[in-house]
Amino acid sequence: MAASFPDSVNENDIGKAKFIGELLVPVAPFDQKAGRETWTVAFAPNGSYFAWSQGHRIVRLIPWAKCLKNFSIGHNGEATNASSPRRLSRQNSDGGQEIQPADEPREHTIDCGDIVCGLAFGSSVPEKQSRCVNIEWHRFKFGQDQLLLATGLNNGRIKIWDVYTGKLLLNLMDHTELVRDLTFAPDGSLMLVSASRDKTLRVWDLKDDGNMVKVLRGHQNWVYCSAFSPDSSILCSVGAGKAVFLWNMDKLTLIRKLEGHHNDVVSCEFSPDGALLATASYDTRVIVWDHHKATILLELGHLFPPPSPIFAGGANDRWVRSVSFCPDGRHLASITDDRMVRFWSIEEKAPQAIGSLSNGLCCAFSAEGSVLATGTRGGSVLFWECPRSVASLQHMCRMSIRRLTTTQQVETLAIPTPLRDYLTYKII
């Protein structure tokens, strides 16, 4: 009998993840099952908003502090970890100045016109130049406080919205099939990458009014997911195939493919320091890579004994649907078809905590890392408190160093071997 945990682990000894709240979809009188799925959930980089595709073309934008207040009330009655959203004067999309009111940010319900399969927040840093040169005029002059939401639709379109007003800004129409995933470069350049069922990734420059910069080809089938490294220099993309693609985003060329999965790879995310890459696959595993050296550092299994490569390529009830890296750089979360959400530490091969989650599809950590949002086939979102532990000074130093150095650069340092192994995550 196949199990969800290795024989050496007693399921009763694993911590129970704390469920803290749920956002439900309003039930329409003629509601159909198809089209209700929450394919994607996202947090704004500054912690101000939470967005989810609640099915039937609708995206909900909710102030995150308001969510936390409703869900997780601490002992003193204060909302736990409610990071106060920025309330700054901001530039309107058309260049005019608009003063943000002192009260809470507004909630928005956006009808995108088609089923929403992917969404992502993007924020602008004015000093970051557009990739295109000789531009004298722009429709949009994105200010310091601009917060955008990109939505990828079933019909291949990408719509860009102003988060603060709910207003549609751009309609991008080059993909020929469903847009499954979107990701903004973290550097504030407003470079957007879209992953589609049409087997391509497309790179867009929103500072150049949404012009398409490049089509990245190489995937033989659907592209499910893409993710930028924290310094925006590398893009990872995965899809209906066993390979993990790494792209150089300065030259917009393929660097290499990582081989190791035995089934479709459906989700990917870099660690906050950029040293590690986590990928989730239908082969029942999450693999944590050193992508600089194309080596596997850690395998997190969801089926025991693990399936052989031949059987891992088929259907099973342990398909991993999504993986997300916690901002602390030490924890991961995974969503699997066995009706569980798992919280992992990169220091252990067994989960730290588990929770019961039926029909989970996607997950994302809040900006400060204290909460995990999980989307379901029914259109709702469930929230979990993440396992807490204080990071060691060693780990924080490692993250600081690895934000600036590749594995190869660390290996050239004249330092003792145990320290070198620690900095390169060989000793996790």
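**A hairpin and a neighbouring serine**

Mentor: Let's begin with strand E15 (residues 200-205) and strand E16 (residues 211-217), which pair in the antiparallel sense over six bridges. Strands here are DSSP runs of at least two residues, numbered from the N terminus, and two of them pair if DSSP finds at least two bridges between them. This is a predicted model, where local features need pLDDT of at least 70, side-chain atom pairs count only at pLDDT 80 or more, and totals for chains, interfaces and linings use all residues. Residues are numbered from 1 along each chain as its sequence is written, and side-chain values use heavy atoms, leaving out hydrogens and water.

E15 and E16 form a hairpin with five residues between them. In that turn, Asp 209 has a positive phi of about 55 degrees. Asp 205 stands opposite Asn 211 in E16.

Asp 205 also leads us to Ser 189, which touches Asp 205, Lys 128 and Lys 207, not counting residues up to four places away in sequence; contact means heavy atoms within 4.5 Å. Ser 189 lies in the loop between strand E13 (179-184) and strand E14 (191-196). Ser 189 counts as buried because its relative accessibility is 6%; buried means under 20% relative accessible area, exposed over 50%, and partly exposed in between, with a 1.4 Å probe and protein chains only.

The side chain of Ser 189 also makes a polar contact with the side chain of Asp 187, at 2.7 Å. Such a contact is a pair of N or O atoms within 3.5 Å; within protein, one must be able to donate a hydrogen and the other to accept it, and residues adjacent in sequence count only if both atoms are side-chain atoms.

Terms used:
Helices (H or I, at least four residues) and strands (E, at least two) are DSSP runs, numbered from the N terminus.
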